[in-house]
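Please look over the contacts in this structure, from a helix pair up to the chain interface. The report below takes them in that order.

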Amino acid sequence: MVDFLNPTGWALALLQMLLFSAGAPLLIAWVKRIKSRLQNRRGPSLLQPYQDLRKLFGKEAVMAHTASPVFRAAPYIVFGATLVAASVIPLLAIELPTTAIADVIVLVGFLALARFFLALAGMDVGTSFGGMGASREMLISALAEPAMLMAIFTLTMSAHSTNLSSVIEHVLDAGLLLRPSFLFALLGLLLVAVAETGRIPVDNPATHLELTMVHEAMILEYSGRHLALMEWAAQIKLMLYGVLLSNIFLPWGIASRLDAGSLLLGLVVIVAKLAVLGVILAVSETVVAKMRLFRVPAFLNLAFMLSLLGMLSHVILEVGA
Amino acid sequence: MSRFDWLSGYLAELEDEHVIVHSGSAQTLAPAHLLIIDPEDWGKAASVAKNMDLRWSGIWADEQDSDIVLSAVLVNQGDYVVLRTALLGEQPEIASHTPLYPGADRMERHLADMFGVTFTDHPDTRRWIRHQAWQEGEHPLRAGFPVQGNPPERTPADADYPSPPIQGSGVYEIPVGPVHAGIIEPGHFRFQAAGEPILRLEERLGYVHKGIEKIAVGRDAAGLARLAGRISGDSTVAHTWAACQALERASGIRPPERASIIRGLLSERERIANHIGDIGAICNDVGFAFAQMQCQALREQWQRRSGELSGHRLMMDVVVPGGVMINLDDAAIATLREDHARLREQARSLFDILDDQPSLEDRLLSTGYLSPETARALGASGYVGKASGQAIDLRTDGLYAPYTRLRFNIALSESGDVATRMGIRQEEVFSSLNLMDEMLKMLEQQTDRTDIYIELPSRPGGEGLGLIDGWRGEIVSYVRLDDEGRVARFFARDPSWFTWPALERIVLGNIVPDFPVCNKSVNGSYSGHDL
């Protein structure tokens, strides 16, 4: 059981949030680096996203005169909600107070809150690009969210808990088992992660074409520190999904005790897992083109079907077995 | 079929319509035939041409004394006819060709802006090129209007340019540009869409109007060639060549054969560089960055070689009136031959990868369809026309050296989508490489290897037509010299005049996020169009 009065636990929870915010730009840089290598070019330095953030924080934030307080507040809300959502996911260790307080429903809720304000901010200034981006984002997320919940429910049914720490503990206890339900849920969640983090083939984070953008269209009017926060939040979201996928489905290495040795091991292991995931993402983004917008629903329906199959196979094959 | 054997048929038809051809000349604008008619027959001559399925290929005006002389180009199977008529300069008014030839729309509006010619029954009376920089009644290309313009303190915004309203539930407008998020030229696009599908697109161009036609006046031949090289930087060789060809014809000379071959080589180099760059860009627009990076690398190597050979990566100012500035020795020829072989191999393996990508195919096939009928009506040339069944390629028409001695097949298709336009360009890369190898052979076989330039004789009052197939398609360039042998009038018709309107039709029924790839597959020149 989690000891809520243990200051080390809270300190670690804080540390985890810091690690999320500090590590997310590195993950993006890593993916970019691998992609560059796959395209036969050298690519930017691994520190480039940090330098970009620093540059943006140092710049003046230009505001449209039609902007309402929602537009001003949105970057802070989006960044805050994403960071809090990240703190719900066990990064280095399970049994942290933050991960014990909040369960997976809260995680999805925080992400939805961030998305809600992102879409509001996109529409706030009244440019057609913002509205277009917001409408596309809603189309995508309305389909992605049920698929994600379905995948996660499959896991929580196995573990009899919606708490991520408990799910991870359950997987650790059960040992390496090839469970069809987990396999389906993993595939479903992978597709959701690609859609939710705005990666190819759903959205192209590197595009400069206003008319094709989804996420970028919503933040097109932002500049300076606001833009920095929005981009940082997007980077954290990518890392969040990476950690979620790797720690739920392959949790081995995560610290179950809060001592220095196992925490260090946890750090090394999660870095390795994210590095591998980053390579997988980069390769997949290199070999496929972005899909036509109206194919995205089919893509997410597939994610939902996979998650549903996971749930069914859990009920049919695993319950009572 | 011999040249111009259809012309007697056209003249007979004109006679049936009681159109009087005052004089005809095969020399003045050779290789084109010049027909001089009355202003009131202007519309009839075009409708006869339309009935005979001639292609309409451009119009320009020229103020001579107090008259406005209008010239329109008609084409049949590579045979060019120039219709010409003179209007009184006071209140010039003439029938429009736009109802018959929709491609004439913007060129006629350009003339209405620049010369104050009123085209009766023109469907669109809005300004086109001049925006709000000039007052009502000011026409910058009329004699006496100052070159530096007559600027008000600050050019007012282009406000009163109404676009037709569109109504319905969920219908909305997306104004895009003129300033874009990427590093491209300025142009305004107004989409009317219902959700994602595009109902209508209206382009607004003219933001890069540089006054090329105005500042050309009074230049000498070399100065005009330099100016022509700056009409559209990506087509600098083609435009310079067209202008030089017009100048040379106006002066009654032919450039030395070796110069023509070298011009051909440079022009094919330009074609390949742009085709490869654009193939990559098309792929990048659908999120397939791998292809773009490879294409950029190939293009970069290619342009570096161009830079080594000519001193300029885009080969600007290498073509000059009377010849070329560079000669190729045996060592250069050998290097180029190796380059061609290497590019052929590299492009082949890269294009094989592209052809093998289902996700790419999914985005490009059936996207942005242009029907052969529309392409024909607009007179779209180049890869846009070729992808929609229009076999327009001046290089096969035997009009100019070195292509008079070279044979190749035009890449042609009727599928008309983005994938086809890209495929045509892939094929053209290889056919250009073959042509260039042939040209290298021609260079080697020459006995006189130094003759690359002859002085242009002064021929006051001469006029000439330059007809060059650039990588975007057919370029028509017109030059008239004044009494001192300086340029009195220059007009260059970039193929983009017809492919921009094609784009408006291509996007119909496509979704908004597919516009960039449709646009890239057409890749009209803003600068070449805005002049």
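## A helix pair in chain A

In this predicted model, α2(A) and α10(A) are in contact. From α2(A) come Pro49(A), Leu53(A), Leu56(A) and Phe57(A). They meet Gly224(A), Arg225(A), Leu227(A), Ala228(A), Trp232(A) and Gln235(A) of α10(A). Sorted by class, this contact has seven nonpolar, two polar and one charged residues.

How do the two helices lie? Two packed helices are described by the angle between their axes and the distance between the axes. Helix α2 of chain A spans residues 48-57, and helix α10 of chain A spans residues 224-249. Their axes come within 7 Å and cross at roughly 150°. Angles over 145 degrees count as roughly antiparallel, so α2(A) is roughly antiparallel to α10(A).

## Two domains in chain B

Chain B is divided into domain 1 (7-120) and domain 2 (212-530). The centres of these domains, taken over C-alpha atoms, are 27 Å apart. Each domain of chain B gives 20 residues to the contact.

Which elements give two or more residues to the domain 1 side? They are β3 (55-64) and α3 (105-115) of chain B. The largest share of that side, six residues, comes from β3(B). By class, the domain 1 side has eleven nonpolar, five polar and four charged residues.

## Chain A against chain B

The contact between the chains takes 23 residues from chain A and 26 residues from chain B. On the chain A side, twelve residues are nonpolar, seven polar and four charged.

Technical notes
Residues numbered from 1 in each chain as written. Chains lettered and ligands numbered in written order. Predicted model: local features only at pLDDT ≥ 70, side-chain atom pairs only at ≥ 80, totals over all residues. Domains from an automatic or database assignment. Contact = placed C-beta atoms within 7 Å. Helix = DSSP H or I, 4+ residues; strand = E, 2+ residues; numbered from the N terminus. Nonpolar A, V, L, I, M, F, W, Y, C, P; charged D, E, K, R; others polar. Axes fitted to C-alpha atoms, helices over the stretch in contact; angles between N-to-C directions. Parallel < 35°, antiparallel > 145°, perpendicular 65-115°, else oblique.
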